Amino acid sequence: MKKFVNDPENFVDEMLDGIYRAHPEVTHAGDDLRCFVRSKQVPGKVGLVTGGGSGHLPLFLGYVGENMLDGAGVGGVFQSPSSEQILEVTRHVDQGAGVLYLYGNYTGDLMNFDMAGELAELEGIKTATVVGRDDVASSVPGEEHKRRGVAGIFFLYKAAGAAAARMMPLEEVARIAEKASARTRTIGVALSPCIVPEVGKPGFEIGENEMELGMGIHGEPGISRDALAPADEVVDRMIERILAEQDYAQDKEVAVLVNGLGATPLEELYILYRRTAQRLEAAGARIRHTFIGEFATSMEMAGASISVLQLDDELEPLIAAGADTPFFKKLAN
């Protein structure tokens with residue numbers, strides 16, 4: 001294992017200490033570094049809280065900031081934050097309008113967010129929950145409730161964050177986040193494994209000339225393992241899964257996210273985007289917003305994912321709105 005670490009057991013807390021030192025616009029609630037919050041909350045605004053395991057930067061905490069999220073519970077690498085940490089973040093971000101939980105569809109997160117929500121309600125804090133389920137490779141159509149939440153959750157953060165910044169009530173912010181969730185599809189491909197610092201060795205193996213289509217961001221099995229193909233062929237196989245579930249006959253405008261998993265050069269992501277745009281445009285879609293880079297990684301895994309959000313007149317201006325976080329900045333357009 002070659003990593004810039006000290007004691008692997010301190011990996012997460014030392015990473016957080018570095019972020020707090022670099023970005024005074026964020027801090028921690030109470031004494032726990034893993035209760036990540038905005039330094040300045042907005043009175044009367046719905047609070048947005050996410051959370052999940054470390055190892056995915058900029059997901060999850062990287063989207064805490066202006067016009068996006070207000071706090072995040074930070075777990076160990078690939079581990080859920082505790083219900084106590086989520087509750088502490090909830091208390092801090094509640095500004096009298098309630099708190100919306102936005103997180104991915106994983107067992108530990110579901111359990112701990114549900115418990116935190118119940119405890120918050122006992123303290124008089126109203127909560128609501130929207131779960132990201134965008135990974136088309138993890139379950140078949142008709143069983144979307146079984147799907148994992150991956151990079152497409154960025155679109156939920158973006159839409160809900162802009163809605164909350166407009167001072168919409170909790171029910172409306174949750175409805176918009178749910179709409180974004182229902183209209184987002186993602187599929188990924190992995191080329192190499194990754195190493196959890198405390199483990200010190202790869203969590204799985206992929207042959208030198210192999211790729212795994214549909215692998216999850218924690219190394220969950222994909223839908224096929226094959227010989228590495230040219231980039232256009234890889235995108236074609238990925239985008240077919242998305243096109244099978246999105247019809248552009250009416251809502252033609254889309255937002256596209258091409259995401260690197262941690263060790264994929266930006267040049268290669270643009271090659272993937274080139275073919276993605278060709279295929280979407282040939283299917284009748286009009287690309288309104290494009291995001292390319294690392295938005296949800298898996299330590300140093302080589303690979304990428306493609307997410308497509310099908311826009312409508314309500315979602316488009318929310319995706320277009322400006323945002324400013326330590327890891328994501330966008331001018332309004």
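This is a predicted model: local features need pLDDT of at least 70, side-chain atom pairs count only at pLDDT 80 or more; totals for chains, interfaces and linings use all residues.

Q: How many residues line the second largest cavity, and which lie nearest its centre?

A: The lining is made up of 13 residues, and Gly53, Ser54, Leu59, Phe60 and Leu61 are the ones nearest the centre.

Q: What is the volume of the second largest cavity?

A: The second largest cavity holds about 60 Å³ of space.

Q: How does the lining of the second largest cavity divide by class?

A: There are seven nonpolar and six polar residues in that lining, and no charged ones.

Q: Where does Phe60 sit in the chain?

A: Phe60 belongs to the loop between S3 and S4. The peptide bond that joins Leu59 and Phe60 is cis, with omega about 5°.

Q: Which peptide bond ending at Pro58 is cis, and what is its omega?

A: The bond from Leu57 to Pro58 is cis, and its omega is near 10°. Pro58 is also in the loop between S3 and S4.

Q: And what is the phi of Asn67?

A: Phi of Asn67 is near 65°, which is a positive value in a residue other than glycine. Asn67 lies in the loop between S3 and S4. As background, most residues other than glycine have a negative phi.

Q: Back to cavities. How many of 30 Å³ or more are there?

A: The structure has two cavities of 30 Å³ or more.

Q: Which residues are closest to the centre of the largest cavity?

A: Val150, Gly188, Met215, Ile217 and Ser305 are the closest to the centre, out of 14 residues in the lining.

Q: What classes of residue make up the lining of the largest cavity?

A: Eight residues of this lining are nonpolar, five are polar and one is charged.

Q: Let us change topic to helices. How is a pair of packed helices described?

A: One gives the angle between the two axes and the distance between the axes.

Q: At what angle do H4 and H5 cross, then?

A: Helix H4 (residues 153–165) and helix H5 (residues 170–182) cross at roughly 155°, and their axes come within 9 Å. An angle over 145 degrees counts as roughly antiparallel, and H4 and H5 are therefore roughly antiparallel to each other. Their crossing is right-handed.

Q: Which residues of H4 and H5 make the contact?

A: H4 contributes Phe155, Leu156, Ala159, Ala160, Ala163 and Ala164, while H5 contributes Val173, Ile176, Ala177, Ala180 and Ser181. By class, ten residues of this contact are nonpolar, one is polar and none is charged.

Q: How do H2 and H3 pack?

A: Helix H2 (residues 83–93) packs with helix H3 (residues 107–122) at an angle of about 45°, and their axes are 8 Å apart. The two helices are therefore oblique to each other. H2 passes H3 in a right-handed crossing.

Q: Which residues take part in the contact of H2 and H3?

A: From H2 come Ser83, Ile86, Leu87 and Thr90, and from H3 come Asn112, Phe113, Met115, Ala116, Leu119 and Ala120. Seven residues of the contact are nonpolar, three are polar and none is charged.

Q: What about H6 and H7: what is their angle?

A: The angle between helix H6 (residues 231–243) and helix H7 (residues 266–282) is about 45°, with the axes 9 Å apart. H6 is therefore oblique to H7. H6 passes H7 in a right-handed crossing.

Q: Which residues are in the contact of H6 and H7?

A: On H6 they are Ala231, Asp232, Val235, Asp236, Ile239, Glu240 and Leu243. On H7 they are Ile271, Leu272, Arg274, Arg275, Thr276, Arg279 and Leu280.

Q: How many residues of the contact of H6 with H7 are charged?

A: Six are charged, beside seven nonpolar residues and one polar residue.

How values were computed. Residues are numbered from 1 along each chain as its sequence is written. Side-chain values use heavy atoms; hydrogens and water are left out. Axes are lines fitted to C-alpha atoms, for helices over the stretch in contact, and angles run from 0 to 180 degrees between N-to-C directions. Helices (H or I, at least four residues) and strands (E, at least two) are DSSP runs, numbered from the N terminus. Angles under 35 degrees count as roughly parallel, over 145 as roughly antiparallel, 65 to 115 as roughly perpendicular and the rest as oblique. A crossing is left-handed if the near helix is turned anticlockwise from the far one by less than a right angle, and right-handed if clockwise. Contact means heavy atoms within 4.5 Å. Ala, Val, Leu, Ile, Met, Phe, Trp, Tyr, Cys and Pro count as nonpolar, Asp, Glu, Lys and Arg as charged, and the others, Gly among them, as polar. On a 1 Å grid over the protein atoms alone, a cavity is a set of points where a 1.4 Å probe fits but cannot get out, and a pocket is an open set with protein on both sides within 12 Å along at least five of seven lines; lining residues have an atom within 4 Å of a point. Grid points are joined across faces, edges and corners, and a volume is the space filled by probe spheres set on the points.
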